[in-house]
Amino acid sequence: MYYGNIKKYDIADGPGVRVSLFVSGCRHHCKGCFNSETWDFNFGQPYTQETEQEILEALKPPYITGFTLLGGEPFEPENQVELVKLLRKIREVYPKLNIWCYSGYLYDVDMVEGGRVYTDVTKEMLSYIDTLVDGPFIEAEKDLRLKFRGSRNQRIINLHE
């Protein structure tokens, strides 16, 4: 797996000050995507054990309120293999941190058993995520007044309610 960026002080992709990982690889290719360079699965740098350590270190300060996973597309099956391990580790080391994830796939359609991106680790991956923003970015539904999402069709789902 590759990643495009790690933001260590992100205030745009969830509440509070967060650490965010932008993974590479996305098959949605949404028109007007703000991060289209991450569509390429080989964009950026290889995700390594050192990358994981960098993220875990960045999460240490007491002012960090959470971790956000976005991209690219975290739920591409190729990305889930590595990301489930990262989320598991974050939950072990920082059980109180809030975890958000952005996906163009639909929670109740694509991430369920038999869905387009359902794998043997999808359910576990979802179990670590507190808030999922799902649905593709649709340029015609773009609304700059929306908080934590780009278009009106996207949903903010609390996965633990």
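A contact is defined here as heavy atoms within 4.5 Å. In the predicted model, 65% of the contacts between residues at least 6 apart in sequence join residues at least 24 apart. Local features require pLDDT of at least 70 and side-chain atom pairs pLDDT 80 or more, whereas totals for chains, interfaces and linings use all residues. Residues are numbered from 1 along each chain as its sequence is written, and side-chain values use heavy atoms, without hydrogens and water.

The protein contains three helices and seven strands (DSSP runs numbered from the N terminus; helices are H or I of at least four residues, strands E of at least two). Their order from the N terminus is β-β-β-α-β-α-β-α-β-β. The C-alpha atoms fill a box of roughly 40 × 35 × 35 Å along the principal axes.

Buried residues, those under 20% relative accessible area with a 1.4 Å probe and protein chains only, account for 48% of the 161 residues. The largest nonpolar core comprises 34 residues, and those with the most contacts inside it are Leu21, Ile55, Leu59, Phe67, Leu69 and Phe75. Such a core is a set of buried Ala, Val, Leu, Ile, Met, Phe, Trp, Tyr and Cys residues joined through side-chain atoms within 4.5 Å. At least two residues each come from β1 (2-10), β2 (17-23), α1 (49-58), β4 (64-71), α2 (77-93), β5 (98-103) and α3 (122-128); α2 gives the most, with five residues. Beyond residues up to four places away in sequence, Phe75 touches several others, including Cys101, Tyr105, Met111, Met125 and Leu132. A second, separate core of six residues includes Phe22, Leu70, Tyr102 and Val133.

Notes. Buried means under 20% relative accessible area, exposed over 50%, partly exposed in between (1.4 Å probe, protein chains only).
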